[in-house]
Amino acid sequence: MNKVGVITKVEDGKAVVMMASSGTCGDCGCSPLTKRQHAESGEYGKKFVVVNNTINSKVGDPVNLEFKTTKMLKASLALYILPLIMMVLGILISNKLQGENPSDIISFISGIAALAVSYVILSIFDKKEDREDLIKLSEFRGY
C-alpha cells in the first residue's frame, strides 16, 4: 500500500510525515475534546508517521510512503485473532478442568485471564518487533 505525504519535521535521521486520512483509516475514535483540538489546529483528518529519513528529505518535501502489506496483515491477524483464540481456550480449558457441572463465572474469569495473558504476550512481542522496515520512504514521483 502506498501513500503520499509531506515532510513536516526532520531530526536525528528520522522524518515526520503528514498524510491525509483516507477511508481505509476508519472513523476517528477521538474524544470530543481531541476533535475540537484537531479542528482548532487545522490538523483534523491528518495522520503523522515517523520514519527513517533514508532519502535525506527536507521539511516540505513531498514523499511516497510504501507500507509492507504482508507484515501489516500479519500484525493485524495477531492483534485480533490471538486474543480471541486465547479467550476461547481459557474458557474451554476451565470447563474441562471443572468436571461435569462447570461454573459459568469461573469459566468467564478464566477466559478474561487468558485474554489478559494474550495482551501481555502481544506487548512483549511488540517491544521486540523491529518496525524499521515496515514503512519505506521514497521520493515523490507523482500520482
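Start inside helix α2, where P83, G90 and S94 are buried (buried means under 20% relative accessible area, exposed over 50%, partly exposed in between, with a 1.4 Å probe and protein chains only). This is a predicted model, in which local features need pLDDT of at least 70, side-chain atom pairs count only at pLDDT 80 or more, and totals for chains, interfaces and linings use all residues. Residues are numbered from 1 along each chain as its sequence is written, and side-chain values use heavy atoms, without hydrogens and water.

Now select all of α2, residues 69–98. Helices are DSSP runs of H or I, at least four residues; strands are runs of E, at least two; both are numbered from the N terminus. The 30 residues of α2 reach 43 Å from first C-alpha to last, close to the 44 Å expected (1.5 Å times one less than the number of residues).

Go to I81. Here α2 bends by about 30°, the angle between axes fitted to the seven residues ending there and the seven starting there. P83 follows within four residues.

Step just past α2 to G99. Its phi is positive, about 95°.

Residues 77–93 are 100% helix, with end C-alpha atoms 23 Å apart. Residues 105–125 are also 100% helix, with ends 30 Å apart.

Finish with two loops. D12 sits between β1 (2–11) and β2 (14–20). Its phi is near 55°, positive in a non-glycine residue. D12 is exposed, at 73% relative accessible area. N56 lies between β3 (46–52) and β4 (62–67). Its phi is near 50°, and N56 is exposed at 64%.
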